[in-house]
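Trainee: I would like to learn how to read strands, salt bridges and aromatic pairs in a model. Please take me through them one by one.

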Amino acid sequence: LEKANPKKFSLAWHTDNPTQLAVGCDDNKFPYINIWDLRRASSPVSVLTAPNLAGINDMSWCIDDPTLLLSACKNNKIICWNTQNGSVFGEIQEEGVERVQWSSCMKSIFTSTSKQGVVNVYAYHDSTNQNVPIKNAGDKVYPNWLERRAGVSFGFGGKLLSFGSLSLIHISEPTRPERISYAVFCLKKK
């Protein structure tokens, strides 16, 4: 029986942790993804599963945000997983999806191929935009390319407020004596 219907396994190495590996099986009887750490190979670090999940055809770990893992499932779904908490970050319905791959140089871009020979390019920018194909499953974690790293704003009494890992290094004087004036500033990494 095993020889007549061999299982195909999909593998994806973690982009930041060289000892972690995601393993999925295309068998509908085992519809989950195991995250293994080779330093502790006696059992998986975590198991990703969801209702109505089918066998896994392919996986790809996001280079820009290593908490995100894409999977191409046999039930015609592309699932984006949050590997920190094991939840489904979002999903796309695609007929005959076979392979998925995050872009290695463009944040938020990924591709898929199908049995019909169709190649699709997707962009995840913001779940509030109705044109984005990924449906957010209510997860309050956003990809790290959407987080604000640092910023500044004028507050009450003309105070300049800043946040993040950047420090303010220069503020120029207002450039116009008119009612509307502005300051030019530069930010430098700490």
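Mentor: Start with strand β2 (residues 20-25) and strand β3 (residues 33-37), which pair in the antiparallel sense over five bridges. Within that pairing, alanine 22 stands opposite isoleucine 35 of β3. Before going on, note that this is a predicted model: local features need pLDDT of at least 70, side-chain atom pairs count only at pLDDT 80 or more, and totals for chains, interfaces and linings use all residues. Residues are numbered from 1 along each chain as its sequence is written, and side-chain values use heavy atoms, with hydrogens and water left out.

Trainee: What counts as a strand, and when do two strands pair?

Mentor: Strands are DSSP runs of E, at least two residues long, numbered from the N terminus. Two of them pair if DSSP finds at least two bridges between them.

Trainee: In what order do the strands of the open sheet run?

Mentor: The order is β1-β2-β3-β4, four strands with antiparallel pairing. β1 (9-13) and β4 (46-48) stand at the edges with a single partner strand each, so one side of each has no neighbour in the sheet. From one strand to the next, the twist averages 20 degrees. Axes for such angles are lines fitted to C-alpha atoms, and angles run from 0 to 180 degrees between N-to-C directions.

Trainee: Where is there a hairpin?

Mentor: Look at β10 and β11, with four residues between them. Glycine 117 in the turn has a positive phi of about 85 degrees. Strand β10 (residues 109-114) pairs with strand β11 (residues 119-123) in the antiparallel sense, over five bridges. Isoleucine 109 has alanine 123 of β11 as its bridge partner.

Trainee: Now charges. How many salt bridges are there?

Mentor: The general idea comes before the count. Side chains of opposite charge can pair when their charged atoms come close. The rule asks for a side-chain nitrogen of Lys or Arg within 4 Å of a carboxyl oxygen of Asp or Glu. The count by this rule is four salt bridges.

Trainee: Which residues are linked in a network of salt bridges?

Mentor: Asp37, Arg39 and Arg40. Aspartate 37 meets arginine 39 at 2.7 Å, N to O. For aspartate 37 and arginine 40, the closest N and O atoms are 3.3 Å apart.

Trainee: Is aspartate 37 buried or exposed?

Mentor: Buried, with a relative accessible area of 0%. Arginine 39 is exposed, at 54%. The cut-offs are under 20% for buried, over 50% for exposed and partly exposed in between (1.4 Å probe, protein chains only).

Trainee: What does the salt bridge of aspartate 58 and arginine 99 tie together?

Mentor: Their side chains meet at 3.9 Å, N to O. Aspartate 58 lies in strand β5 (residues 56-61) and arginine 99 in strand β9 (residues 97-102), so the pair ties together parts 41 residues apart in sequence. Aspartate 58 is buried at 9% relative accessibility, whereas arginine 99 is partly exposed at 48%.

Trainee: Last topic: how many aromatic pairs does a search of the whole structure find?

Mentor: Three. One is phenylalanine 30 with tyrosine 32, edge-to-face, 6.5 Å centre to centre and 90 degrees between the planes. Rings of Phe, Tyr and Trp (its six-membered ring) pair if their centres lie within 6.5 Å; planes under 30 degrees apart are stacked, over 60 edge-to-face and the rest tilted. Phenylalanine 30 is partly exposed at 35%, and tyrosine 32 is partly exposed at 31%. Elsewhere, Trp102, Phe110 and Tyr122 form one aromatic cluster.
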